[in-house]
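Work through the exercises below with the sequence and the structure at hand. Try each task before reading its solution.

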Amino acid sequence: MDASENGATAPEKHDEGESFTKVKSKKSQKRKLEPDGGTTMEVEQPNKRPHFPPISADKLRGSDEMRKVAVPAHRYTPLKENWLKIFTPIVENLQLQVRFNLKTRNVEIKTCKETQDIAALTKAADFVKAFVLGFQVDDAMALIRLDELFLESFDVTDVKPLKGDHLSRAIGRIAGKGGKTKFTIENVTKTRIVLADTKIHILGSFQNIKMARTAICNLILGSPPSKVYGNIRAVASRTAERF
Amino acid sequence: MIEKDRDPNNTNSSIEKLKGSDNYSEDDSDIDFDVNALEKQKKDKGKTGSKKKVVPSEVDDKFFKLSEMETFLDDIEKREGKEDDNEDELDYFRDLPSDEDDEINLDEVMSSKKKKTGKSSRDLKYKDFFDAVDNEPDEQQSDGDDDHMDDSQEEDGEEIDGEDDTEEEGDDDRSKASKKKVTFDLSENEDSEGEDIEEILKTPSPEKTELKSSFEKRQEKMSQKIEELENAALAEKPWQLLGEVTAQTRPENSMLEEDVEFEQASRAAPAITEETTLQLEDIIKQRIKDQAFDDVVRKEKPKEEVFEYKKRLTLDHEKSKQSLAEIYEQEYIKQTQKNTEKEENPAHVEIQKLMDTLFLKLDALSNFHFTPKPPVPEVKVMSNLPSITMEEVAPVSTSDATLLAPEEIKDKNKAGDILGDIERTKTDKKRERRHIKKVKRLKIKEKEKRQKVKEANKTGESKKISKTEVAENLRKVTKGGKATILKDEGKDKALRSSQAFFSQLQDQVKSQIKSTKERSEKKKKHIEVSVSKLKL
């Protein structure tokens with residue numbers, strides 16, 4: 001644009017001498033202003049960078065991002081019951097928009113104008129996903145509050161290929177009588193465990209997830225619970241001493 | 001001796017000659033050879049003319065005559081044994097064979113010489129053929145050249161020197177003849193005779209030292225080099241290149257002269273030089289000055305406090321009351337609180353304490369009705385002990401020792417409760433027995449091992465068994481009932497003589513027989529009774 005303008009002005013100036021009317025170009029005016037003003041605008045260099053004025057934050061936002069979390073049928077009712085507790089922190093603390101799409105049975109989370117932190121969307125999505133997997137709302141809330149918590153899932157048959165009765169027994173070993181073993185592991189390693197048929201989900205920090213996973217794998221492979229307690233206790237005390 | 005053609009003429013002639021005349025011919029047959037006659041001839045040493053008799057054979061051709069060859073060979077053989085008494089006779093007016101002569105034949109030469117001398121083949125000596133050592137080169141130059149050329153052509157066929165063409169041709173002609181000469185000898189004759197001839201003919205002829213072109217010189221050097229290389233390639237490889245070489249296959253101490261390269265997996269030991277020792281000493285001195293010693297710190301077993309043990313015990317088997325978020329919250333608060341605690345200035349705390357005491361005293365003095373302020377806890381106790389230790393209700397006079405449960409003092413036995421003798425069941429007793437037996441078995445095995453090692457070390461010193469060992473062995477053997485000690489209970493004297501022994505043996509046998517007889521008699525008696533009864 002500048003080049004064309006320059007090209008346009010140049011022949012005009014030449015034509016001045018040939019009894020044409022003098023047309024004052026904006027360029028020449030501005031050039032005069034320069035020495036008067038004293039401020040050299042770098043933008044005004046001939047055939048150089050375009051000029052972009054500073055934009056307001058609204059325009060910078062871009063489009064809204066959205067996340068969807070599918071809800072299986074058996075979690076439908078608990079979702080309904082805990083809906084208030086779920087959406088409150090998302091909306092108030094993270095400033096996101098959330099709704100449950102009844103037709104597709106998805107929880108949809110969307111950013112909006114008020115969202116300050118774009119990472120909040122991921123946190124919210126993880127939070128809802130954790131709840132859908134089977135964790136309690138309070139436990140899943142920790143995902144929003146702490147950055148370094150993670151969620152790990154694996155299958156019992158991943159550890160050892162078991163079938164039929166053996167599989168059932170392995171699951172029983174993990175759970176313990178009245179959930180005793182599972183709670184013990186949760187307490188010692190400061191994690192939360194969800195035992196859904198053959199799938200196992202662990203929520204916690206990285207080191208703790210590792211500890212819990214080792215304990216559960218040992219149980220699957222056949223160690224008695226007392227031995228597993230001893231091991232996790234030793235490991236946990238060691239890690240506690242370090243910090 | 002080589003067999004000759006048996007020719008009746010020859011033999012007859014030879015016999016005649018031997019018998020009669022002093023003329024000796026070349027064709028001396030072996031069969032009719034008479035030693036006495038020869039010796040006579042030797043003494044006489046007459047110069048006789050020799051006839052050259054050529055007997056035709058199948059192999060003969062234009063150049064070669066078998067009979068001539070044989071005669072020549074015989075002569076040479078005899079010459080080796082004989083001394084040379086004949087003077088060197090040279091016919092100075094004889095025509096030497098010229099270069100252009102094609103038909104130069106050893107035989108001809110020899111025959112010419114022989115003709116001239118008129119000696120028999122037996123009496124021909126070296127000097128008949130060759131001059132004295134000094135004059136050799138001159139006379140035999142031509143022949144020598146032939147051979148030299150021949151050899152050079154044989155070995156380096158491609159290398160035809162840049163000599164004159166005429167010379168070459170001449171040489172070729174000569175070489176052909178000489179080749180024939182030499183090959184004739186080599187091929188027909190596998191004895192050393194052929195080689196001798198070659199050696200004789202191949203006199204050390206000087207090369208043309210006159211003027212050689214630079215190209216010639218270069219060529220010579222090249223040829224020499226090539227010769228060397230070829231010889232090296234053909235020859236046996238030195239032991240260094242022969243792959244696996246043992247000490248027997250290489251010369252003695254040859255490895256010492258070799259610079260051998262090999263890789264070492266381990267680090268080489270540090271070379272101790274004066275410099276290194278000085279460096280070390282410097283380091284040591286510096287360390288002493290700095291008092292920076294590498295002393296070993298004594299390891300101490302960590303003694304467990306009581307409350308630590310109690311902490312260890314708690315394993316909550318129930319669902320935790322706090323949610324995960326709360327747990328992490330509390331942890332975080334704990335961490336932050338720790339930091340805030342340390343931030344309190346100890347100086348301020350002290351000042352506050354002093355001020356409080358001062359003001360309390362002043363108040364007490366100034367006010368008549370003084371009511372002291374309620375005591376403010378001066379010390380802020382923030383204990384990280386588990387609440388159970390704080391809440392424990394115990395009398396004042398108790399100490400930790402009395403408070404501790406037995407498990408806290410000493411860990412429980414892995415095997416479980418300790419049982420008394422009466423409390424043990426059958427399985428427990430058996431278990432104990434088995435354990436004892438196992439332990440004992442191991443001990444015995446250890447002992448045996450040690451014994452073996454001892455004996456192995458002892459070999460060579462003294463293999464005599466001591467009294468104690470003898471007694472031990474005896475006891476072992478008799479204990480198991482495998483063997484019994486023969487005790488001579490007063491029968492010593494009796495058994496000293498063989499007669500006594502055999503008489504005793506006889507007695508024993510007799511007694512045995514008696515006993516059996518009695519038994520059989522008893523049986524018979526029984527039978528008799530029954531029989532008699534029956535009969536009756």
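The exercises that follow treat a predicted model, starting with confidence and then turning to the interface and the backbone.

**Exercise 1. Confidence in chain A**

Task: State the mean pLDDT of chain A and find where pLDDT stays under 50.

Solution. Step 1: the mean pLDDT of chain A is 85. Step 2: a pLDDT of 70 or more is reached by 83% of the residues of chain A. Step 3: residues 1-16 of chain A stay under 50. For this stretch the model has twelve contacts beyond four places in sequence.

**Exercise 2. The interface of chain A and chain B**

Task: Describe the contact between chain A and chain B by residues, buried area and polar pairs.

Solution. Step 1: count the residues; chain A gives 21 and chain B gives 16. Step 2: take the area; about 1600 Å² is buried between chain A and chain B, and carbon and sulfur atoms account for 60% of it. Step 3: look for charged pairs; there are two salt bridges between the chains. One of the salt bridges joins Arg145(A) to Glu329(B), with the closest N and O atoms 3.1 Å apart. This passes the cut-off of 4 Å for a salt bridge. Step 4: turn to polar contacts; ten residue pairs across the interface are in polar contact, both residues being at pLDDT 80 or more.

**Exercise 3. The side of chain A that touches chain B**

Task: Which elements give two or more residues to this side of chain A, and how do its residues divide by class?

Solution. Step 1: the elements are α7 (137-145), α10 (180-189), β6 (199-205) and α12 (225-242) of chain A. Step 2: α10(A) provides the largest share, five residues. Step 3: sorted by class, this side of chain A has seven nonpolar, seven polar and seven charged residues.

**Exercise 4. Two positive phi values**

Task: Locate Lys190(A) and Gln291(B), give the phi of Lys190(A) and of Gln291(B), and decide whether each is buried, partly exposed or exposed.

Solution. Step 1: recall that most residues other than glycine have a negative phi. Step 2: Lys190(A) lies in the loop between α10 and β5 (192-196) of chain A, and its phi is positive, near 55°. Step 3: Lys190(A) has a relative accessible area of 26%, so it is partly exposed. Step 4: Gln291(B) lies in the loop between α11 (274-290) and α12 (306-313) of chain B, with a positive phi near 60°. Step 5: Gln291(B) counts as exposed because its relative accessibility is 54%, and the cut-off for exposed is over 50%.

Notes:
Residues numbered from 1 in each chain as written. Chains lettered and ligands numbered in written order. Predicted model: local features only at pLDDT ≥ 70, side-chain atom pairs only at ≥ 80, totals over all residues. Heavy atoms only, no water. Contact = heavy atoms within 4.5 Å. Buried area = accessible area lost by both parts, 1.4 Å probe. Salt bridge = Lys/Arg side-chain N within 4 Å of Asp/Glu carboxyl O. Polar contact = N/O pair within 3.5 Å; in protein donor to acceptor, adjacent residues only side chain to side chain. Helix = DSSP H or I, 4+ residues; strand = E, 2+ residues; numbered from the N terminus. Nonpolar A, V, L, I, M, F, W, Y, C, P; charged D, E, K, R; others polar. Buried < 20%, exposed > 50% of the residue type's maximum accessible area, 1.4 Å probe, protein only. pLDDT = per-residue confidence, 0-100.
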